[in-house]
Amino acid sequence: MSDLGSDFDEEEQGPYLGEYEGERNEKEERHGKGKATLPNGDLYDGLYEHGKRQGQGVYKFKNGARYMGEYKHNKKHGSGTFIYPDGSKYEGNWVDDQRHGYGVYTYPNGDFYEGEWQSHERHGQGVYTYKDTGSKYVGSWVGGKRDGAGELIHANHRYQGGWIGDMPQGKGKYVFDIGCEQQGQYVPVEQQQGGDQEEEETQTITVPKWRAGEIQAISLYNPAADLVKDTSGEEEDDEEGEEMAPDDGDQTGEDGIPTEASEAAQPAEGETGDGAPTQEMEENQEMTDDPEGGGAETQPTDEES
């Protein structure tokens with residue numbers, strides 16, 4: 001994810017701090033309610049404490065973006081809303097200048113994600129809704145990608161199963177509104193891509209393929225729910241039978257940009273108009289769609305640094 005820059009740090013930019021009108025303390029620090037025009041042209045109207053933004057404030061960027069919410073030690077921290085130049089918007093919790101906790105992100109095309117965040121990325125439980133189709137993914141996210149147990153819900157059918165690295169993988173099933181289901185599994189298959197022209201090199205990519213079982217009446221079996229049970233069972237075994245390994249120290253992951261391409265695991269080409277599965281669904285199907293249609297999220301590092 002590309003950043004917009006971070007809030008201008010009024011303490012680390014040398015003697016000139018821009019124009020300020022407001023309250024000060026006995027040390028002549030910005031303290032209390034005040035308005036500031038920063039050297040880079042950004043505007044801040046809100047609370048200060050000992051020279052730093054602290055509490056409620058509104059920060060307007062010269063590029064048109066703006067943040068309305070809580071600050072702590074010059075950083076977005078607490079509840080706040082960030083509106084980006086492209087029209088996307090995040091409303092939710094912030095920690096140390098990053099989206100962290102619960103929040104709702106609305107994309108420029110109208111898609112939106114509602115759920116948990118960690119270090120600017122979708123992480124935990126959340127729901128991604130596609131505006132154009134009304135389809136939605138409900139389930140687990142890791143590092144901005146669908147990972148773990150999830151369900152992809154469409155107008156007349158749904159897919160339940162496991163996900164790894166933004167793609168369905170392992171056991172799953174399609175459930176149709178006409179009263180039947182098809183169990184099966186997604187398996188990774190290597191596929192050649194490119195090489196149409198002489199200068200182009202052929203690349204090998206891995207895509208999930210649907211290995212279909214028989215069409216049958218709807219059952220209570222939910223592969224996604226079973227995946228959650230299996231995971232929790234493994235954790236309980238570890239806690240009861242093994243000692244905790246020593247900590248190797250702080251480990252940090254990279255900030256990834258979510259691919260906003262299309263919907264995943266939908267067998268639309270193998271259905272009739274009423275959502276009934278056809279013979280094509282009982283053959284191997286290639287899963288080419290992936291999760292988001294909304295465009296990449298804009299990183300909200302403000303122009304103050």
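Helices (H or I, at least four residues) and strands (E, at least two) are DSSP runs, numbered from the N terminus. By that count, the protein you are looking at has one helix and 17 strands, and Gly 69 is found in one of these strands, β5 (residues 66-72). This is a predicted model, in which local features need pLDDT of at least 70 and side-chain atom pairs count only at pLDDT 80 or more, while totals for chains, interfaces and linings use all residues. Residues are numbered from 1 along each chain as its sequence is written, and side-chain values use heavy atoms, with hydrogens and water left out.

**Confidence and overall make-up**

- The average pLDDT (the predictor's confidence in each residue, from 0 to 100) is 78 for the protein, and 68% of the residues score at least 70.
- Over residues 235-293 the pLDDT stays under 50, and the model has 138 contacts beyond four places in sequence for this stretch; contact means heavy atoms within 4.5 Å.
- Residues 300-305 also have a pLDDT below 50, with 44 contacts in the model beyond near neighbours in sequence.
- Where pLDDT is low, the predicted coordinates should not be read in detail.
- Of the 305 residues in the protein, 39% are buried; buried means under 20% relative accessible area, exposed over 50%, and partly exposed in between (1.4 Å probe, protein chains only).
- Among the contacts in the protein with a separation of 6 or more, 40% come from residues 24 or more positions apart.

- Gly 69 counts as buried because its relative accessible area is 4%.
- Leaving aside residues up to four places away in sequence, Gly 69 touches Gly 55, Gln 56, Gly 57, Ser 79 and Gly 80.
- Trp 94 is 25 residues from Gly 69 in sequence, and their C-alpha atoms are 9.4 Å apart in space.

- Strands β1 (residues 19-24) and β2 (residues 30-37) pair in the antiparallel sense over five bridges; two strands pair if DSSP finds at least two bridges between them.
- Within this pairing, Glu 21 stands opposite Lys 35 in β2.
- Five residues lie between β1 and β2 in the hairpin they form, and Glu 28 in the turn has a positive phi of about 65 degrees.

- A pair of aromatic rings is described by the distance of the centres and the angle of the planes.
- The structure holds 28 aromatic pairs; rings of Phe, Tyr and Trp (its six-membered ring) pair if their centres lie within 6.5 Å, and planes under 30 degrees apart count as stacked, over 60 as edge-to-face and the rest as tilted.
- One of them joins Tyr 137 and Trp 141 edge-to-face, with 5.3 Å centre to centre and 90 degrees between the planes.
- Tyr 137 also forms an edge-to-face pair with Trp 163, at 5.2 Å centre to centre and 80 degrees between the planes.
- Tyr 137 lies in strand β11 (residues 136-142) and Trp 163 in strand β13 (residues 157-164), so their pair ties together parts that are 26 residues apart in sequence.
- Both Tyr 137 and Trp 141 are buried, with Tyr 137 at 0% relative accessibility.
- Trp 163 is buried too, because its relative accessible area is 1%.

**Glu 151 in strand β12**

- Glu 151 belongs to strand β12 (residues 145-153) and counts as buried at 15% relative accessibility.
- Its side chain makes a polar contact of 3.0 Å with the side chain of Gln 160; a polar contact is a pair of N or O atoms within 3.5 Å, where within protein one must be able to donate a hydrogen and the other to accept it, and residues adjacent in sequence count only if both atoms are side-chain atoms.
- Not counting residues up to four places away in sequence, the residues that Glu 151 touches include Tyr 137, Arg 158, Gln 160 and Trp 163.

**Charges over rings**

- The charged end of Lys 76 sits over the ring of Tyr 67, 5.8 Å from its centre; this term requires NZ of Lys or CZ of Arg within 6 Å of the ring centre and within 35 degrees of the ring normal.
- Arg 122 has its charged end over the ring of Tyr 113, 5.7 Å from the ring centre.

**Positive phi in two loops**

- His 50, in the loop between β3 (43-49) and β4 (52-60), has a positive phi of about 50 degrees although it is not a glycine.
- At 48% relative accessibility, His 50 counts as partly exposed.
- Asp 166, in the loop between β13 and β14 (167-176), is not a glycine either, yet has a positive phi of about 80 degrees.
- Asp 166 counts as buried, at 5% relative accessibility.
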